[in-house]
Amino acid sequence: VPPGEGVVEHTITSDGFFELETQPDKVVVVGAGYIAVELAGVLNALGSQVRLVVRKSQALRDFDPDISKFLDREMVNAGIQIHRNTGGVLRVEEVHGKKTVFCVDNLTVIDGADVVLMAPGRVPMTDIPNVEGLGLSTVGVKQRPSKHIVVDDYQNTSVDNIFAIGDVCGIVELTPMAIAAGRRLADRVFGGQAPMKASYELVPTVVFSHPPIGTVGLTEPQAMAKYGPE
């Protein structure tokens, strides 16, 4: 959960979504990724009034523009109100059980919410005590400002014989991709298959939005950057 006055006290995460005992009449969903889009769609389909708050212009910005723009239109057509370019949530207040969300842009204020669901993405578990004890910084394992561990194509970190796979690397944050990378790493380290490595180039992914979307390979901007506009 990102910092902000009243955010921890008056909001829930995707874990809390599954603990809801009654359907909320009005929900504010904060985030622009898979979970935010999927849960916004579920709640809207069930009949809740849904407000989706995104920091920038739209959700799923890393998808191909044709796909993300299509889904954006469909969510709006389905009745989801999208608050764009908000900069994120500044603070959340609660009075008599109703929440009011104030955004960083100082323009967006959403009141009367029964539930505020925060789904802005998760920070890698490298700064949580059960992993912090590994002493990554002590031994020289490099991390990006986002806390993701820096690895090469073979899952090697900056320290010999220390490897990292999965979401903690921040490359492709999908469970099947982590499994594939782990298998290739095991083949190379323990199976004597020296050149084995996972390919991150053609990874299929699906978002269970309303309607569902899926993609594989490069987006159009990525293809143009790699191969040129022609």
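I began with Lys26 and looked up its bridge partner in β2, which is Gln49. The model I am reading is a predicted one, and I keep that in mind for every entry below.

Widening the view from that pair, I found that strand β1, residues 26–30, runs parallel to strand β2, residues 49–53, and that five bridges join the two. I then asked myself in what order the strands of this sheet lie. The order is β3-β2-β1-β7, four strands in an open sheet with parallel pairing. At the edges I noted β3 (81–83) and β7 (115–118), each of which pairs on one side only. I also looked up the angle between neighbouring strands, which are turned by 20 degrees against each other on average, with direction ignored.

Next I checked what packs on this sheet, and I noted helix α3, residues 34–46, which touches β1, β2 and β7. The direction of α3 makes about 170 degrees with that of β1.

I turned to the surface and recorded a nonpolar patch formed by Phe163, Val189 and Phe190, whose accessible area together is about 310 Å². Of these I followed up Val189, which I located in helix α7, residues 175–190. Is Val189 buried, partly exposed or exposed? Its relative accessibility is 35%, so I list Val189 as partly exposed, given that this class lies between the 20% and 50% cut-offs.

For Leu60 I wrote down a phi near 50 degrees, a positive value in a residue other than glycine. Leu60 sits in the loop between β2 and α4 (65–77), and I count Leu60 as buried because its relative accessibility is 4%.

For Asn106, which is likewise not a glycine, I noted a positive phi of about 65 degrees. The loop that holds Asn106 lies between β5 (98–103) and β6 (109–113).

Pro211 belongs to the loop between β8 (205–207) and β9 (213–215).

Terms used. Residues numbered from 1 in each chain as written. Predicted model: local features only at pLDDT ≥ 70, side-chain atom pairs only at ≥ 80, totals over all residues. Heavy atoms only, no water. Pairing = 2+ DSSP bridges. Axes fitted to C-alpha atoms, helices over the stretch in contact; angles between N-to-C directions. Contact = heavy atoms within 4.5 Å. Patch = residues over 30% accessible without salt bridge, like charges linked within 9 Å, V, L, I, M, F, W, Y side chains within 5 Å. Areas by Shrake-Rupley, 256 points an atom, 1.4 Å probe, with all protein chains shown as cover. Salt bridge = Lys/Arg side-chain N within 4 Å of Asp/Glu carboxyl O. Buried < 20%, exposed > 50% of the residue type's maximum accessible area, 1.4 Å probe, protein only.
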